[in-house]
Amino acid sequence: MLLAATVHYGQSYANAFWDGRQMVFGDGDGVYFTGFTRSLDVIAHELSHGLVQYTAGLTYVGQPGALNESVCDVFGALVSQQVRGQDAQEADWLIGAALLTDRVQGRALRSMADPGTAYDDPVLGRDPQPAHLDDFVDLPHDADNDNGGVHINSGIPNKAFHLFATRLGGRAWERAGQVWYDTVATRGRIPRDVDFAGFAAATVLSARERYADRPEVVDTPPRGMGRGRSRGGLMAARFTRAELESFRDAEVPDLLPGAGGPPLRLLFVGINPGLWTAATQTHFAHPGNRFYPALARAGVIERAVDPAAGMSAQDRDHLLQRGIGVTNLARRATARADELTVEELREGGRRLVRTVRRTGPAVVAVAGITAYRSAFGVRGAKQGRQPEDLEGAQLWVVPNPSGLNAHETVDSLARAYAAPARAAGVL
């Protein structure tokens, strides 16, 4: 593939850009900026705009525009680090450090490690980048205001990636960078107008898909991009063991349409709430659970859902509009499903019958063959569609999406969940 570039562009041109077909680099003004081809990370940054254009196609305005700029900073930094053989802790995380002349009071164009500190110069001014969503700079979406501050607010996802990479440690391009690449390059993973929260959720989905067997990746979410400090600035909540234990025996409301809401077509049935689910009041919420990644992989849902800090109202509405509901056999939260008694599961089966009679789904899918056998007294039951319906609904048994179920992958779960979804008319 030809990678075209124009160098020595214009006269004392102090910038570089991607024009939709090729990279373009100026020689700098010689006063404040040197030649823009002197910076490997800047070269890789401009080339990365081509990658974004032909993959996610992020709209170049507002938050998606800032993500566009940030993704290019990320890949620019990773190229530089790989060439220099630097791990995440050794790298300086500066963009354009080679561009500033000695006259400038500053270190670089941007600092991913510490946005807002790259320069503070009498002529150039002070680095305006925020490092956290709480400090987002709201600007008009026009050319006079950097298309809504795309080069300013990119500091927020830049810092999120820096935190993610340094907490993982090692070579950032091998794990953290792969998560970002998958998020951008996986077809349909993010919409062109994705906001910071949507991108954050998509990175968690990417991490779970690629590193389902690497909990140090899945459980190390970047911070500060998806929510404000009122929620801790986390993409996923973090709980101590004692905090989780405090939710033992708590209950979680069913996710079901209300009166006048969309019809319920597919009702998923979990075994019982885990402690993380109880803490967030969100079904299948544990970061290691593959339920939502599998639904997304199968096309049952059409957006990335990260429920680990509590499902958003938009995510709940998306599920309900798709005709999807969620309930459990047993109501009380436990650390493990095997803490439940057989009688609790049998009572859960009776409760499910009442729920199905009341809500009228087309299909019911119980996630967990052992729990299903206990709840309904069908010792020889196998996964798949069951020979008997449940109150007029097709009855299916599908695999448990828990991360403890080592027999299943996101792909195998997706195939299993797609079958009842097709039967329900969701697919």
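In what order do the 3 strands of the open sheet stand? The order is E1-E3-E2, and the pairing is mixed.

## Basis of the report

This is a predicted model, in which local features need pLDDT of at least 70 and side-chain atom pairs count only at pLDDT 80 or more, while totals for chains, interfaces and linings use all residues. Residues are numbered from 1 along each chain as its sequence is written, and side-chain values use heavy atoms, with hydrogens and water left out.

Helices (H or I, at least four residues) and strands (E, at least two) are DSSP runs, numbered from the N terminus. Two strands pair if DSSP finds at least two bridges between them.

Axes are lines fitted to C-alpha atoms, for helices over the stretch in contact, and angles run from 0 to 180 degrees between N-to-C directions. Helix H1 (residues 40-54) packs on the sheet and touches E2 and E3; the direction of H1 makes about 20 degrees with that of E2.

E1 and E3 run parallel and are joined by 3 bridges, with Thr 6 opposite Val 24 in E3. E2 pairs with strand E3 (residues 23-26) in the antiparallel sense, also over 3 bridges. Here Ala 16 stands opposite Phe 25, and Phe 17 has Val 24 as its bridge partner in E3. The hairpin of E2 and E3 has 4 residues between the strands, and Gly 20 in this hairpin takes a positive phi near 100 degrees.

Both faces of E3 are covered. Met 23 and Phe 25 on one side and Val 24 and Gly 26 on the other are all buried, where buried means under 20% relative accessible area, exposed over 50%, and partly exposed in between (1.4 Å probe, protein chains only).

## The sheet of five strands

Another open sheet has 5 strands in the order E9-E8-E10-E12-E11, with mixed pairing. E9 and strand E11 (384-385) stand at the edges with a single partner strand each, so one side of each has no neighbour in the sheet.

Strand E8 (residues 266-270) is largely enclosed by the rest of the structure, because 5 of its 5 residues are buried. Leu 266, Phe 268 and Gly 270 point one way from E8, while Leu 267 and Val 269 point the other way. E8 runs parallel to E9, with 5 bridges between them, and Val 269 stands opposite Thr 327 in E9. E8 is also parallel to strand E10 (residues 363-367), joined by 4 bridges; Phe 268 has Ala 365 as its bridge partner there. E10 in turn runs parallel to strand E12 (residues 394-398) over 5 bridges, where Val 363 is partnered by Gln 394.

Helix H11 (residues 313-321) has Asp 315, His 318, Leu 319 and Leu 320 buried. The cover over the buried residues of H11 includes helix H10 (291-298) and strand E9 (324-328); contact means heavy atoms within 4.5 Å. Just after H11, Gly 323 takes a positive phi of about 85 degrees.

Arg 422 lies in helix H14 (residues 410-424). Arg 422 counts as exposed because its relative accessibility is 51%. Arg 422 and Val 300 are 122 residues apart in sequence and 8.8 Å apart in space, C-alpha to C-alpha.

## The second largest pocket

The second largest pocket holds about 750 Å³ of space. Grid points are joined across faces, edges and corners, and a volume is the space filled by probe spheres set on the points.

Of the 33 residues that line this pocket, Asn 15, Ala 16, Glu 69, Arg 110 and His 151 are the closest to its centre. E2, H1 and helix H2 (62-84) are the elements that give two or more residues to the lining, and the largest share, 6 residues, comes from H1. By class, the lining has 20 nonpolar, 8 polar and 5 charged residues. Ala, Val, Leu, Ile, Met, Phe, Trp, Tyr, Cys and Pro count as nonpolar, Asp, Glu, Lys and Arg as charged, and the others, Gly among them, as polar.

How values were computed. 1 Å grid on protein atoms, 1.4 Å probe; cavity = no way out; pocket = protein on both sides within 12 Å on 5 of 7 lines; lining within 4 Å.
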